[in-house]
Amino acid sequence: MALTQGGSTRDGWSSRSAFILAAIGSAVGLGNLWRFPAEAGANGGGAFVLFYIGCVLLIGLPILLSETLIGRHGQASAPESVRRVASASKASPMWAMLANIGVLAAFLIVSFYCVVGGWVLYYVGVFVVDIFQSGLTGGAFAGQDPKAVEALLPAMFANPSLMIGLFVLFLAITVFFVARGVSSGIEVVATWMMPAFFVLLIAITIYGAFGGAFGQTIDFLFTFEPERLTGPVMLAALGQAFFSLSLGMAGMITYGSYVGRNVNLGSTSGIIASADTFVALLAGLCLFPIVFAAGLEANAGPGLMFQTLPHAFQDMPAGALIGFLFFLMIGFAALTSSVALLEVPTAWVVEKFRIVRPVSTALVAFCALFLGVLAALSFNVLADFHPLDFIPLFAGQGVFDVLDGITAKLLVPIGAILVSIFVGWVADRQLVDMENGLSGVLHFVWLMLVRFVCPIALIAILIVGIFPSLSQ
Ligand code: TRP
């Protein structure tokens, strides 16, 4: 693939495949491995999963293309990219607000995302210790009761300083790569870690397919029960689709801004969305057989990956080693996403305040540190602190869940509605047609989706999600 340059003085991806891997790295992360199975389990399986796939195809994919094309045309931070497209289209510079919402969302997400990244580091550590205790050949946690393995997560939650330490460590690793820049930091992580990640995930899924309750899993994930498709389930599926594809929060605008002119954005968007959905489904197919075979509940929520997955390694040959490798891979996937998240506000600070990249990265991370500590503490000492108790959508939720909810259920859908209206109706048609790399029927379908389906579906889902009583 020909080498491309993101801009004359601006850093950029070194090739098309570097962009594809980095964008897949951004999309594939804890959202697929941890959040998707947890959400699918909590929202009843099949209805959620199928609606999710529909959201990816009909809404996520068109928005993904819209975001990358804004970025590629703008060749600047997300808000500046939107402003440039707006000015080329003789539209109001106020449209840049849509990207400012995104920058805010990415900042909020990175703070709690790195908290979960810290949990992954904890499990990497747990398995390293276990390699010495259980040995290399037998299963992990030799001689331990499965309940004791599950108790590892609550034990970590009960230790605030450990949680904060792990969070800070994960954030620091993220800062290290973002500070080094696009082609020599961000891209390096993705091109090394993503291929290794795929190999391990497929291997563990195949193992699970032979050992666990695979048939029950297929039933659970793919049986469509229409009565389960309520407003909140639809909003959860939509929020998850956007979270997983890194959309609605300026992430793909930012990554798109480092893409060279000769890359076809239509086909690359298709590759990115397919890879992301593939990994989410694979994560479900990998986790639920273990859950069902162990007689555990599918709706265990956040604990699913951390508490049930380790069961699989208990009776697997070389379980401790494989468990270690697996959590290491999850850590890699999480890192390629946290790097992408931190890049969004960082690129904006670099450009807006003209501060050199390493300092900008540190500044943004310092602010995220504050929120992240609150999020980490919401699992222990601040468990009863519910900052938005007066808003029904967030009542009874701690800081972690509030940050997740505000972004996935409000900021991201609103950002996406604005993107679709902007690209579908406001932006100059010629500009859009030149950037999108589509022709013929595909182009027509994409335009119809961006113009009509996306805004209407997004507004409808947002409303029934926020006011569930309307859908009854
Ligand atoms: N998609 C990432 C994941 O699935 C998380 C994420 C959400 C993200 N929004 C983002 C990553 C924006 C980069 C940019 O884990």
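**A tour of the ligand site, cavities and pocket**

Select the ligand: it sits in the largest cavity, in the sense that more than half of its atoms lie within 2 Å of the grid points of that cavity. A cavity here is a set of points, on a 1 Å grid over the protein atoms alone, where a 1.4 Å probe fits but cannot get out, and lining residues have an atom within 4 Å of a point. The model is predicted: local features need pLDDT of at least 70 and side-chain atom pairs count only at pLDDT 80 or more, whereas totals for chains, interfaces and linings use all residues. Residues are numbered from 1 along each chain as its sequence is written, and side-chain values use heavy atoms, with hydrogens and water left out.

**The ligand and its shell**

Next, display the residues around the ligand. There are 14 of them, and Ala27, Gly31, Tyr113, Phe243 and Met249 are the closest; a residue counts as near if one of its heavy atoms lies within 4 Å of the molecule. The shell divides into seven nonpolar, seven polar and no charged residues. In this scheme Ala, Val, Leu, Ile, Met, Phe, Trp, Tyr, Cys and Pro are nonpolar, Asp, Glu, Lys and Arg are charged, and the others, Gly among them, are polar. Colour α1 (16-27), α2, α11 and α15 (319-353), each of which supplies at least two residues of the shell; helices are DSSP runs (H or I, at least four residues) numbered from the N terminus.

Then draw the distances from the ligand to Ser26, Ala27 and Ser246. A polar backbone atom of Ser26 is 3.3 Å from a nitrogen atom of the ligand. An oxygen atom of the ligand lies 2.8 Å from a backbone N or O atom of Ala27. At Ser246 the side chain places an N or O atom 3.0 Å from a nitrogen atom of the ligand. Of the 360 Å² that the ligand exposes when taken alone, the protein buries 100%; these areas come from the Shrake-Rupley method with a 1.4 Å probe.

**The cavities**

The structure holds three cavities of 30 Å³ or more. Of its 18 lining residues, Ser26, Phe243, Ser246, Ser337 and Leu341 lie nearest the centre. α15 gives the largest share of this lining, four residues. By class, the lining has 11 nonpolar, seven polar and no charged residues.

Move on to the second largest cavity, which holds about 40 Å³ of space. Select its lining, which includes Leu33, Leu201, Cys286, Met305 and Phe326. The elements that give two or more residues to this lining are α13 (265-293), α14 (303-314) and α15, and α13 provides the largest share, three residues. The lining comprises nine nonpolar, no polar and no charged residues.

**The largest pocket**

Finally, select Glu39, Gln397, Asp401, Asp404 and Lys409, which lie nearest the centre of the largest pocket among its 29 lining residues. A pocket is an open set of points with protein on both sides within 12 Å along at least five of seven lines. About 570 Å³ of space lies in this pocket. α2 (30-42), α11 (231-244) and α17 (399-426) each supply at least two lining residues, and α17 gives the most, with six. The lining divides into 12 nonpolar, 12 polar and five charged residues.

Methods:
Points joined across faces, edges and corners; volume = space filled by probe spheres on them. Polar contact = N/O pair within 3.5 Å; in protein donor to acceptor, adjacent residues only side chain to side chain.
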